[in-house]
Amino acid sequence: MDDNFDLGAIAGYSGLFLQGAGTTLGLIAIAASLSFLISIGGAATVRWGAKWARRLVMAYVELIRNTPFIVQMFFIFFGLPSLGLKLTAITAAIIAVTVNLTAYCIEILRAGIEAVPPGQREAGLALGLPPIWVFFSVILPQAIANVYPALVSQIILTMLESAVVSKIAVMDLTHVADLIQSRNYRTFEAYFVVAMIYLVMAICLRRLMARVGQRLFAGRVR
């Protein structure tokens, strides 16, 4: 085997790299969408919910934020079948990433909600608007604008951390690198290319979401 750096040795695996990148992006897109929706309810519960509901949400947040993601994923994929719930690898990965990301998004959105001046809610209620309408039309847009950069950063960090889903045989980018290096033993080249793909995806995703944020929030997001 030639020990010289040779990207040509893995050029024939471009299709696999594209497949892995697609799986990674698809996974994070689904998980981020679900997490965002769930975290809105979670953050609102922490701020205005009943005492028992607040404690339940905060217990969930503390549990997830203080345990390793890979342990959470293994529990879902390997542990739940013992309770009779069998999941495919990709389904388990989506659930694990969603559960993990939601805990962080709840805390981020909660901070955004608390940063909105209380007078905004009081003014909406004084106009006779229903509390739920005040929340979604007045408070939530401002809260998201306040923490949008933090949400973007957390989503990108989660995308990078999702590389561990390869441990349950999800065909993501990292799993592709494992597969390629096992076939041709070009370990350095395989992981180098995957690292560069992750870098490009992270940069492009951050810039894309920054532009989306600028349009949604009229330049308030930088």
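Colleague: Looking at the largest pocket, which helix gives the most to its lining?

Modeller: That's H1, with 6 residues in the lining of the largest pocket. Bear in mind that this is a predicted model, where local features need pLDDT of at least 70, side-chain atom pairs count only at pLDDT 80 or more, and totals for chains, interfaces and linings use all residues. Residues are numbered from 1 along each chain as its sequence is written, and side-chain values use heavy atoms, with hydrogens and water left out.

Colleague: How do I read "pocket" and "helix" here?

Modeller: Volume is the space filled by probe spheres set on the points, which are joined across faces, edges and corners. Helices are DSSP runs of H or I, at least four residues, numbered from the N terminus. In our case the largest pocket holds about 340 Å³ of space. It has 18 lining residues, and those closest to its centre are Ala32, Phe36, Tyr148, Ile155 and Met209. H1, H6 and H8 (187–216) each supply at least two lining residues.

Colleague: How does that pocket lining divide into nonpolar, polar and charged?

Modeller: Into 17 nonpolar, 1 polar and no charged. Asp, Glu, Lys and Arg count as charged, Ala, Val, Leu, Ile, Met, Phe, Trp, Tyr, Cys and Pro as nonpolar, and the others, Gly among them, as polar.

Colleague: And how many cavities of 30 Å³ or more turn up?

Modeller: The search of the whole structure finds 1. The largest cavity has a volume of about 30 Å³, and Phe69, Val97, Asn100, Thr158, Glu161 and Ser162 line it. H4 (89–115) and H6 (131–161) are the elements giving two or more of those residues. The cavity lining splits into 2 nonpolar, 3 polar and 1 charged.

Colleague: What about the backbone: what is phi at Ala169?

Modeller: Most residues other than glycine have a negative phi. Ala169, though no glycine, has a positive phi of about 70°, and sits in the loop between H6 and H7 (173–184). Tyr185 also has a positive phi, near 65°, and is in the loop between H7 and H8.

Colleague: Why does Ala169 count as exposed?

Modeller: Exposed means over 50% relative accessible area, buried under 20%, partly exposed in between (1.4 Å probe, protein chains only). Ala169 is exposed because its relative accessibility is 53%, and Tyr185 is exposed at 59%. Phe5, in the segment before H1 (14–48), has 45%, so it counts as partly exposed.

Key. On a 1 Å grid over the protein atoms alone, a cavity is a set of points where a 1.4 Å probe fits but cannot get out, and a pocket is an open set with protein on both sides within 12 Å along at least five of seven lines; lining residues have an atom within 4 Å of a point.
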